[in-house]
Amino acid sequence: MVDLVETGFVAVDLGATSGRVMLGIVRPGGSRQARPAVGEARPPRVELVECGRFGNGPRADERGALRWDVGALWRGILGGLRSAGDVARERGVEIRGIGVDSWAVDFGLLDADGELVADPYSYRDPRTDGVADAVYGRIPFADHYAVNGLQHLPFTTEFQLVAGVSAGSTSGGSGSTSGGGEWARAEQLLLIPDLITYRLTGRRVAEVTNASTTGLLDARSRTWSAELLDRLGEQYPELAGLRDRLPELVEPGAAVGQLLPEVRQATGLGDVPVFAVASHDTASAVVASPLGVASAYISSGTWSLVGLELPAPVLTEASRAANFTNELGLDGTVRYLRNVMGLWVLDECVRAWSADDDAPVDLPGLLDAAAAEPGGRCLVDVDGDEFLAPGDMPRRVSDAVARLGVDLPGTRPALVRVILDSLAASSARAISEASSLAGVVVDAVHVVGGGSRNELLSRLTAEAAGLPVIAGPVEATALGNVLVQARAVGVVAGDLAALRSVVRESATLRRYEPGPAE
């Protein structure tokens with residue numbers, strides 16, 4: 001038996017295309033990255049070990065509606081936790097916490113017995129088509145923004161709820177009209193990470209960073225908005241009881257509970273505490289973004305979340321008109337950002353080409369070929385609604401290029417270069433607008449997440465923004481998740497700046513200057 005000499009935390013990180021379970025081992029400092037001043041202690045560092053990875057994605061139910069397979073997610077999570085326990089025992093690591101983060105806005109409904117009424121809908125299901133405009137006709141967008149500070153997104157939790165109870169909301173072609181019946185049987189609403197935390201502990205809470213994406217939270221007070229909930233209930237009587245179905249709010253770092261006995265038995269773990277982390281995956285990623293005072297960030301993955309970290313929300317009319325959002329972050333901060341299309345478009349193209357070839361596409365080779373293509377042929381609006389749904393993405397991008405009247409070579413590298421040029425330009429515009437609206441002069445851009453490995457995209461972003469791009473860490477979400485837990489039990493200490501010194505000690509960062517990407 002190996003003596004337990006090190007401390008670890010488990011991050012359950014659920015993305016819209018895959019999930020993973022990571023063991024974060026906290027060790028004394030010693031990396032080449034950070035150089036403390038004379039007399040200062042070197043910050044600790046975190047080693048991340050992947051212990052489980054599993055696929056995820058919406059599937060069509062019998063009516064054609066897109067839903068998440070919670071059973072499959074749960075099996076993947078339990079398998080990852082078992083593996084994390086095995087790795088910890090082999091390495092002499094004591095697991096002192098577990099935290100869950102995931103994508104935003106989607107939710108599960110629990111019945112009176114605490115069981116799921118049905119698998120949660122995916123935000124990509126078209127049942128919300130047109131719903132936001134209908135809601136704004138009753139409660140104007142400006143009134144929403146003055147309270148929740150959220151950008152317009154057609155699939156925000158609020159609009160999903162209205163779609164579920166409104167007569168005639170037929171899922172925009174999915175044919176599902178079952179939402180109203182599901183709501184009638186619901187006793188509680190839990191967002192995805194809170195749903196998993198409930199299955200781990202038996203306690204129902206709502207962590208504020210993810211709750212801030214629902215449209216139902218007050219961005220200033222960090223509490224459920226009685227004003228918006230009352231108005232929503234007046235306009236949609238079926239939702240009058242929504243407030244009673246919303247759980248208690250907790251801040252990142254709160255101890256939610258211990259693992260249930262059945263979870264301990266299934267995973268081989270002991271009486272491990274579960275913490276609410278910054279459970280919106282972007283919030284965790286921003287925790288692990290080694291930001292300077294005037295840095296912007298891009299959390300780059302399926303989506304790109306582009307913006308600034310601020311001490312307070314920006315709720316001006318100009319901000320609303322520019323469609324910027326105010327989501328909540330760690331330690332009372334606000335993530336002032338815009339959702340722009342991320343690597344979804346490229347990933348869907350690669351998936352389609354792999355299916356055509358009946359073999360995986362050589363992505364590194366494809367990116368090298370795209371780098372050799374001339375840039376600036378054209379920019380398509382990658383944030384357009386036509387790119388939201390899965391399926392036949394190469395044709396949709398080609399059609400968008402054709403509508404611009406551009407004669408693009410019909411090659412995969414040429415199409416990839418247009419996609420990456422367009423993604424970089426979209427991010428650069430968002431950074432410029434955030435800087436202007438918030439009154440912050442940006443001096444650098446930090447790119448974290450899986451997209452930070454895409455060297456061509458980082459170079460193109462530096463060129464488009466005219467700013468240095470610092471890429472890394474890749475596993476920012478899991479690292480931020482672990483850091484919140486580690487601080488909660490006192491293994492690391494300090495404010496956000498102190499946590500980010502641990503990030504610099506732990507990660508390899510690459511810098512791209514704003515010269516021509518060619």
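Modeller: Strand 18 supplies the largest share of the lining of the second largest pocket, namely four residues. The model is predicted, so local features need pLDDT of at least 70 and side-chain atom pairs pLDDT 80 or more, while totals for chains, interfaces and linings use all residues. Residues are numbered from 1 along each chain as its sequence is written, and side-chain values use heavy atoms, without hydrogens and water.

Strand 18 spans 334-341, and helix 16 (412-438) likewise gives at least two residues to this lining (helices are DSSP runs of H or I with at least four residues, strands runs of E with at least two, numbered from the N terminus). Altogether 18 residues line the second largest pocket, and His152, Leu153, Asn323, Asn339 and Asp383 lie nearest its centre. A pocket is an open set of points on a 1 Å grid where a 1.4 Å probe fits, with protein on both sides within 12 Å along at least five of seven lines, and its lining residues have an atom within 4 Å of a point. The lining comprises seven nonpolar, six polar and five charged residues, with Gly counted as polar.

For comparison, the largest pocket holds about 1200 Å³ of space. Its lining has 47 residues, with Thr17, Ser300, Gly301, Thr302 and Trp303 nearest the centre. Among the elements that give two or more residues to that lining are strand 2 (18-27), strand 16 (303-310) and helix 18 (476-488). Helix 13 contributes the most, with five residues. The lining of the largest pocket divides into 18 nonpolar, 19 polar and 10 charged residues.

Terms used: Points joined across faces, edges and corners; volume = space filled by probe spheres on them.
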